Amino acid sequence: MPSDERQLIPVPNLDKAPAIYDDEIDELDANCQQLARDFLRENPTIREQSLAQLRDWIAKHPNIKRCRTDARFLLRFLRTKKYSFIHASQMLERYLACREVHPQWFKGLDIEDREMCDLVEAGFLYPLLEKDARGRTMIFGDAGTLNPKIYTIGHGCRMHMLVGETLYDDASVQCAGFVLVYDLTGITMGLLGLVTLNDIRDLATYLNNAVPMRIQELHFVNTPSLALKVANFTMAILNEKLRNRISCHRNWEDLHKKIDKRLMPQEYGGLIPKEKHIEAFKEQCRLHRNQMLALDKLNYEVSRDASYRKKSEAGEIEKGTIGSFRKLQLD
């Protein structure tokens with residue numbers, strides 16, 4: 001996460017066909033240049049052509065009423081989908097639709113909202129200050145801080161979106177991706193009880209199809225047996241790529257075999273205290289606040305027969321494909 005910028009991020013233009021497009025992008029460092037070239041198939045010509053094609057598609061899309069068209073925003077989708085126009089446009093469309101179908105999850109990303117600020121300060125989810133050796137952004141979560149007597153699954157989803165929206169426009173994040181580490185020590189039956197079958201299905205659909213982020217690894221530590229059962233149930237409806245990137249660990253020592261512990265908060269064996277990571281994230285939220293609130297003005301018209309509104313039968317998920325893929329085991 002950039003630490004030297006202290007100016008407020010400007011509010012983006014939401015005109016779907018502005019007279020002048022915002023082409024400003026971040027310069028890539030040597031590592032990201034190589035990643036973009038070798039893994040994302042990016043070069044200046046492809047980037048320019050793809051941005052023009054996606055902008056033309058947005059301008060002509062009858063259901064898109066208001067949308068960001070600046071280069072940083074559109075590159076989220078183009079880089080995530082390695083410059084496949086079809087897949088990038090589908091992801092953008094699903095991203096916009098999910099915001100309309102589930103506003104309680106994806107809107108109101110305001111650090112000045114008391115409940116959101118309390119969750120940030122408690123350390124429910126936050127980016128870590130140092131990237132790993134491969135330039136990937138580290139995100140740390142403590143599930144036990146989500147008190148089920150106070151918060152809902154909607155709060156948890158909004159927190160993930162709050163973190164995401166402060167990072168998605170970062171070129172290094174778009175190229176190198178994320179590694180997420182979750183501490184499940186404090187997870188309870190009450191917390192697991194917040195999540196319904198419909199929530200699992202809808203969240204899996206979002207992760208599979210609409211999240212503009214390159215998730216490289218997902219690590220769960222101190223996973224209780226009940227949570228492992230829920231995780232394996234969820235695995236049935238995640239795509240294969242995501243399933244293969246999830247690991248569960250018995251303890252922190254097992255995690256440290258795969259993750260450099262120096263990157264973790266000091267309370268978990270790292271070098272920088274948790275409060276410093278959280279304070280830096282709060283500052284980023286303040287800088288991005290106007291930009292994130294402007295996202296609530298994105299406008300996508302979801303038709304009644306659209307696939308986003310269709311619900312799968314619960315029985316289909318329950319009988320699903322559990323057992324036909326690698327089930328999560330404790331490392």
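Reader: Is Asp 70 buried or exposed?
Author: Asp 70 is buried, at a relative accessible area of 9%. Buried means under 20% relative accessible area, exposed over 50%, and partly exposed in between, using a 1.4 Å probe and protein chains only.

Reader: What sort of model is this?
Author: A predicted model, where local features need pLDDT of at least 70 and side-chain atom pairs count only at pLDDT 80 or more, while totals for chains, interfaces and linings use all residues. Residues are numbered from 1 along each chain as its sequence is written, and side-chain values use heavy atoms, with hydrogens and water left out.

Reader: Back to Asp 70. Where does Asp 70 lie?
Author: In the loop between β1 (64-66) and α3 (71-80). Helices (H or I, at least four residues) and strands (E, at least two) are DSSP runs, numbered from the N terminus.

Reader: Which residues is Asp 70 in contact with, leaving aside neighbours within four places?
Author: Pro 12, Asp 22 and Arg 55; contact means heavy atoms within 4.5 Å. Also, a polar atom of the Asp 70 side chain lies 3.1 Å from the backbone nitrogen of Phe 73.

Reader: Salt bridges next. How many in the whole structure?
Author: The search finds 25. A salt bridge is a side-chain nitrogen of Lys or Arg within 4 Å of a carboxyl oxygen of Asp or Glu.

Reader: What does Glu 112 form a salt bridge with?
Author: Arg 289, with the closest N and O atoms 3.6 Å apart. Glu 112 is in the loop between α5 (103-106) and α6 (114-122) and Arg 289 is in helix α14 (residues 274-294), so the pair ties together parts 177 residues apart in sequence. Glu 112 is exposed, at 60% relative accessible area.

Reader: And Lys 257, which side chain does that meet in a salt bridge?
Author: Asp 254, at 3.4 Å from N to O. Lys 257 counts as exposed at 69% relative accessibility, whereas Asp 254 counts as buried at 14%.

Reader: Where do Glu 283 and Arg 286 lie?
Author: Both are in helix α14, three residues apart, about one turn of the helix. Glu 283 is partly exposed at 23%, and Arg 286 is partly exposed at 36%.

Reader: Change of topic. What order do the strands of the open sheet have?
Author: β2-β3-β4-β5-β6, five strands with mixed pairing. Two strands pair if DSSP finds at least two bridges between them. The edge strands, each pairing on one side only, are β2 (125-127) and β6 (246-249).

Reader: In which sense do β3 and β4 pair?
Author: Parallel, over six bridges, with β3 at residues 137-142 and β4 at 178-183. Leu 180 in β4 is the bridge partner of Ile 139.

Reader: Last one. How many residues has the largest nonpolar core?
Author: It has 61, and those with the most contacts inside it include Phe 140, Met 159 and Tyr 206. A nonpolar core is a set of buried Ala, Val, Leu, Ile, Met, Phe, Trp, Tyr and Cys residues joined through side-chain atoms within 4.5 Å. Helix α7 gives the most to this core, with six residues. A second, separate core of 25 residues includes Leu 51, Phe 77, Tyr 95 and Val 101.

Methods:
Polar contact = N/O pair within 3.5 Å; in protein donor to acceptor, adjacent residues only side chain to side chain.
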